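Open the model in your viewer and keep the selection tool at hand. The tour moves from one selection to the next.

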Amino acid sequence: MSDRLTVTLTKAGRTKISYPAEPVADTGTRITVRAPWAAPGVRDFGFVRFEPGDVFTEHFWRDRWYAVKEVRTGGGVLKGWYCDVTRPASVEDGVITVEDLDLDLWVSADGSSVLRLDEDEFAASGLAGTDPEAAAEAVRALDALEAQARSAAGLAALLA
């Protein structure tokens, strides 16, 4: 595994964001990387703030329709998990590429808050009409993530 990778998140055929990441592990099915908060400035969602200094440990699967990002402060305090529903990741020439399908899930550090996000954006994307199989996979992925997050084992079991 190289000592540096690039994560590229696309949406509707365009690059949404691309950033360097440090490889942590690659099982052949799941690749895990660590990266600092890559966007400029602070992003306040109301239920969590992503800000400079935050560290994301990101898990991408080559065979699942989501990515799970564990979010910690620079001091190591767990904020929670941000889950992106995506097409399965591709890894080629040091680049991890995932296509964002709009649906997201936020799980607070203590597991007490599990929020489904951006379902309106997903509906507006028209994916259900243009690629109904992908839209169905996306909804199944969000449902599976939510069920895992609400289970006694939580998302930690998925990432073990």
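Select Asp131 first. At 25% relative accessibility Asp131 is partly exposed; on this scale buried means under 20% relative accessible area, exposed over 50%, and partly exposed in between (1.4 Å probe, protein chains only). A salt bridge here is a side-chain nitrogen of Lys or Arg within 4 Å of a carboxyl oxygen of Asp or Glu. Arg87 sits in the loop between E8 and strand E9 (90-92), and Asp131 in the loop between helix H2 (127-130) and helix H3 (132-150), so the bridge ties together parts 44 residues apart in sequence. Helices (H or I, at least four residues) and strands (E, at least two) are DSSP runs, numbered from the N terminus. Arg87, at 23%, is partly exposed.

A word on the model before moving on. It is predicted: local features need pLDDT of at least 70, side-chain atom pairs count only at pLDDT 80 or more, and totals for chains, interfaces and linings use all residues. Residues are numbered from 1 along each chain as its sequence is written, and side-chain values use heavy atoms, with hydrogens and water left out.

How many salt bridges does a search of the whole structure find? There are 17.

Go to Lys69 and Asp84. Their side chains meet in a salt bridge at 2.8 Å, N to O. Lys69 is in strand E7 (residues 66-72) and Asp84 in strand E8, 15 residues apart. Buried or exposed, what is Lys69? Lys69 is buried, at 9% relative accessibility. Asp84 is buried too, at 6%.

Stay on E8 and pick Lys79. The side chain of Lys79 meets that of Glu51 in a salt bridge of 3.3 Å, N to O. Glu51 lies in the loop between strand E5 (49-50) and strand E6 (55-61), while Lys79 lies in strand E8 (residues 78-86), 28 residues away. Lys79 is buried at 16%; Glu51 is partly exposed at 23%. Now widen the selection to Asp44, Arg49, Glu51, Asp54 and Lys79. Salt bridges link these residues in a network.

**Asp100 and its contacts**

Next, select Asp100. It is in strand E10 (residues 95-108). Its relative accessible area is 5%, so Asp100 is buried. Show Lys16 as well: a polar contact of 2.6 Å joins the two side chains. A polar contact is a pair of N or O atoms within 3.5 Å; within protein, one must be able to donate a hydrogen and the other to accept it, and residues adjacent in sequence count only if both atoms are side-chain atoms. Which residues is Asp100 in contact with, leaving aside its neighbours within four places in sequence? They are Leu9, Thr10, Lys11, Lys16, Val85 and Thr86, where contact means heavy atoms within 4.5 Å.

**Aromatic rings**

Turn to Phe47 and Trp106. Their ring centres are 6.0 Å apart and their planes at 40°, so the pair is tilted. Rings of Phe, Tyr and Trp (its six-membered ring) pair if their centres lie within 6.5 Å; planes under 30 degrees apart count as stacked, over 60 as edge-to-face and the rest as tilted. Phe47 is in the loop between strand E4 (43-44) and E5, and Trp106 is in strand E10, 59 residues apart. Phe47 is partly exposed at 30%. Trp106 is buried at 2%.

Across the whole structure, the search finds ten aromatic pairs.

**Two backbone stops**

Select Ala12, in the loop between strand E1 (5-11) and strand E2 (14-26). Ala12 is not a glycine, yet its phi is positive, about 55°. Ala12 is exposed, at 68%. Then jump to Asp118, in the loop between strand E11 (114-117) and helix H1 (119-125). Asp118 also has a positive phi, about 65°, without being a glycine. At 25%, Asp118 is partly exposed.

**Last stop: the largest pocket**

Select Leu9, Lys16, Trp37, Arg43 and Tyr82. Of the 24 residues that line the largest pocket, these lie nearest its centre. E1, E2, E6, E8 and E10 each supply at least two residues of the lining.

Methods: 1 Å grid on protein atoms, 1.4 Å probe; cavity = no way out; pocket = protein on both sides within 12 Å on 5 of 7 lines; lining within 4 Å.
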